[in-house]
Amino acid sequence: MGLERKRLDQNYGLLMEVFTMSESVKNYKKEAISIARDFHYSTSILARLNNATTESEICRLMIEGRHTKRYY
């Protein structure tokens, strides 16, 4: 699933949550970026794909890229 939570103890007993992407989401993201480049999606979509952290966000951006693609 999308993000996994890991808790790390910091100095002075503070607790901090760190979110990491699962391997399947990383692979999905890598493939989505490759496909977006192949289909010449806009640079803004590519930049947002690079910053995406969840599967749903990647999916939404791919749909947005498809709908905003100009075919000329």
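Residues 24 or more positions apart account for 29% of the contacts in the protein with a separation of 6 or more. Contact here means heavy atoms within 4.5 Å. Buried residues make up 22% of the 72 residues. The cut-offs for accessibility are these: buried is under 20% relative accessible area, exposed is over 50%, and partly exposed lies in between (1.4 Å probe, protein chains only).

This is a predicted model, in which local features need pLDDT of at least 70, side-chain atom pairs count only at pLDDT 80 or more, and totals for chains, interfaces and linings use all residues. Residues are numbered from 1 along each chain as its sequence is written, and side-chain values use heavy atoms, with hydrogens and water left out.

## Confidence and layout

The mean pLDDT of the protein is 81. This score is the predictor's confidence in each residue, from 0 to 100. At least 70 is reached by 69% of the residues. Among the elements, strand β1 (residues 3–9) has the lowest mean, 52. Helix α2 (residues 43–51) has the highest, 95. Where pLDDT is low, the predicted coordinates should not be read in detail.

The protein has three helices and two strands. Along the sequence the pattern is β-β-α-α-α. Both element types are DSSP runs, numbered from the N terminus: helices are H or I with at least four residues, strands are E with at least two.

## Helix packing

The axes of α1 and α2 come within 10 Å and cross at roughly 175°. Axes are lines fitted to C-alpha atoms, for helices over the stretch in contact, and angles run from 0 to 180 degrees between N-to-C directions. α1 and α2 are therefore roughly antiparallel to each other. That label needs an angle over 145 degrees; under 35 counts as roughly parallel, 65 to 115 as roughly perpendicular, and the rest as oblique.

On the α1 side, the contact involves Lys 29, Ala 32, Ile 33, Ala 36 and Arg 37. They meet Leu 46, Leu 49, Asn 50 and Asn 51 in α2. By class, this contact has five nonpolar, two polar and two charged residues. Nonpolar covers Ala, Val, Leu, Ile, Met, Phe, Trp, Tyr, Cys and Pro; charged covers Asp, Glu, Lys and Arg; the others, Gly among them, are polar.

The axes of α2 and α3 also come within 10 Å, crossing at roughly 175°. That makes α2 roughly antiparallel to α3. Ile 45, Arg 48 and Leu 49 supply the α2 side. Facing them in α3 are Ile 58, Arg 60, Leu 61, Met 62, Glu 64 and Gly 65. The class count is five nonpolar, one polar and three charged residues.

## Lys 29

Is Lys 29 buried or exposed? Lys 29 is buried, with a relative accessible area of 13%. Its place is in helix α1. Leaving aside neighbours within four places in sequence, Lys 29 is in contact with Met 21, Leu 49, Asn 50, Asn 51, Ala 52 and Ile 58. The C-alpha atoms of Lys 29 and Asn 51 are separated by 9.7 Å, at 22 residues apart along the chain.

## Salt bridges

How many salt bridges does a search of the whole structure find? It finds three. The criterion is a side-chain nitrogen of Lys or Arg within 4 Å of a carboxyl oxygen of Asp or Glu.

| Pair | N to O distance |
|---|---|
| Glu 23 and Lys 26 | 3.7 Å |
| Glu 64 and Arg 48 | 2.9 Å |
| Arg 60 and Glu 64 | 3.8 Å |

Glu 23 and Lys 26 both lie in helix α1 (residues 23–38), three residues apart, about one turn of the helix. Glu 23 is exposed at 52% relative accessibility. Lys 26 is partly exposed at 38%.

Glu 64 and Arg 48 form a salt bridge. This pair links distant parts of the chain: Glu 64 sits in helix α3 (residues 55–68) and Arg 48 in helix α2, 16 residues apart. Glu 64 is partly exposed at 27%, and Arg 48 is partly exposed at 33%.

Arg 60 and Glu 64 are four residues apart in helix α3, so about one helical turn separates them. Arg 60 is partly exposed, at 43%. Shared partners join Arg 48, Arg 60 and Glu 64 into one network of salt bridges.

## His 40

His 40 lies in the loop between α1 and α2. His 40 has a positive phi of about 55° although it is not a glycine. Most residues other than glycine have a negative phi. At 61% relative accessibility, His 40 is exposed.
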